[in-house]
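Me: I'd like to learn how to read a structure like this one feature by feature. Could you take me through it?

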Amino acid sequence: MLIVCAEVALVEAELVGGLLGCPSCREVLGPWGHARQRVLRCRAGDRWLRPRRARCRGCAGTHVLLPDVCLLRRQDEVSVIGAAIVASVAGEAYRRIAGRFGVHADTVRGWLRRFRDRAEVIRSHFTRCAVALDPELGAVMPAGSSVADAVEVIAVAGRAWVLRFGPGDPWPVASRLSGGELLATRTPAYSWAI
Ligand SMILES: [Zn+2]
């Protein structure tokens with residue numbers, strides 16, 4: 001699995017042009033059909049995705065090219081998940097967040113719990129990303145809790161990304177920097193490259 005730009009035409013051009021690297025071995029990925037269709041719940045309504053599949057010319061492994069508006073194995077748009085996490089840090093109760101976004105309360109609670117459990121892993125990973133993107137970055141100020149610190153450093157890494165690569169929405173950038181595994185169960189390998 002590889003997190004790519006949400007713009008289908010751009011991804012297609014990169015794939016055909018041999019510009020996408022294999023997350024396992026860094027060799028060139030080539031087109032390899034499509035993955036199964038899936039629905040992504042977005043703020044603007046449901047969106048059907050049919051992600052591209054790619055095959056590595058080196059190790060022959062196949063990878064699903066998941067757009068950066070997604071997180072791995074999550075049905076909701078990453079911006080919605082991110083906004084729920086930010087609202088929770090600001091003190092809003094999960095049931096209220098769920099009502100506001102039209103998402104099941106258990107789903108929101110699941111995101112928040114997973115993020116809380118992984119807050120330290122996320123904080124240290126995104127700190128490394130931020131420093132790699134901007135070596136002159138100063139210290140990130142503590143925000144008051146492990147979850148708030150993790151959210152803060154995601155924002156810092158997002159700003160560093162934008163400074164380096166140009167405009168991008170913070171949560172899709174976070175999806176890319178985490179290889180889609182922001183809320184994954186296992187400790188991620190985070191096979192991203194700048
Ligand atoms: Zn490979």
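Me: Is Arg73 buried or exposed?
Reply: Buried means under 20% relative accessible area, exposed over 50%, and partly exposed in between, with a 1.4 Å probe and protein chains only. Arg73 has 67% relative accessibility, so Arg73 counts as exposed. Before going on, note that this is a predicted model, where local features need pLDDT of at least 70, side-chain atom pairs count only at pLDDT 80 or more, and totals for chains, interfaces and linings use all residues. Residues are numbered from 1 along each chain as its sequence is written, and side-chain values use heavy atoms, with hydrogens and water left out.

Me: Where does Arg73 lie?
Reply: Helices (H or I, at least four residues) and strands (E, at least two) are DSSP runs, numbered from the N terminus. Arg73 is found in the loop between β6 and α2.

Me: What is the phi of Arg73 near?
Reply: Most residues other than glycine have a negative phi. Arg73 has a positive phi, near 55°, and is a residue other than glycine. Ala60 also goes into this topic: its phi is positive, about 65°, although Ala60 is not a glycine. Ala60 sits in the loop between β5 and β6 (62–67), and with a relative accessible area of 34% it is partly exposed.

Me: Now the metal. Which protein donors does the zinc ion have?
Reply: Donors are N, O and S atoms within 2.8 Å of the metal (3.2 Å for Na, K and Ca); water is not among the atoms, so sites may look incomplete. For the zinc ion, the protein donors are the SG atoms of Cys22, Cys25, Cys56 and Cys59, at 2.3 to 2.4 Å. Along the chain these donors follow the spacing C-x2-C-x30-C-x2-C. As for accessibility, Cys22 counts as buried at 0%, whereas Cys25 is partly exposed at 33%.

Me: What geometry does the site of the zinc ion have?
Reply: Ideal angles at a metal are 109.5 degrees for four tetrahedral donors. In practice, four donors count as tetrahedral if all angles lie between 85 and 135 degrees. The angles among the four donor atoms of the zinc ion are 96 to 119°, and the site is tetrahedral.

Me: Let's turn to strands. In what order do the four strands of the open sheet lie?
Reply: Two strands pair if DSSP finds at least two bridges between them. The order in this open sheet is β1-β6-β5-β2, with mixed pairing. At the edges are β1 (2–4) and β2 (29–34), each pairing on one side only.

Me: How many bridges do β2 and β5 pair over?
Reply: They pair over four bridges, in the antiparallel sense, with β5 covering residues 52–56. Gly30 stands opposite Arg55 in β5.

Me: Which ring does Arg55 lie over?
Reply: A charge sits over a ring if NZ of Lys or CZ of Arg is within 6 Å of the ring centre and within 35 degrees of the ring normal. Arg55 lies over the face of Trp32, 4.5 Å from the ring centre.

Me: What joins β3 to β4?
Reply: A hairpin does, through two residues. The strands β3 (residues 38–42) and β4 (residues 45–49) run antiparallel and are joined by five bridges. In this pairing Arg41 stands opposite Asp46 in β4.

Me: How many aromatic pairs does the count come to?
Reply: A pair of aromatic rings is described by the distance of the centres and the angle of the planes. Rings of Phe, Tyr and Trp (its six-membered ring) pair if their centres lie within 6.5 Å; planes under 30 degrees apart count as stacked, over 60 as edge-to-face and the rest as tilted. The count comes to one aromatic pair. Trp161 and Phe165 form this tilted pair, 4.6 Å centre to centre with 55° between the planes.

Me: Why are Trp161 and Phe165 separated by about one helical turn?
Reply: Because they are four residues apart in helix α6 (residues 146–165). Trp161 counts as buried at 14% relative accessibility, while Phe165 counts as partly exposed at 44%.

Key
Four donors count as tetrahedral if all angles lie between 85 and 135 degrees; four count as square planar and six as octahedral if opposite donors are over 155 degrees apart and all others between 65 and 115; anything else is irregular.
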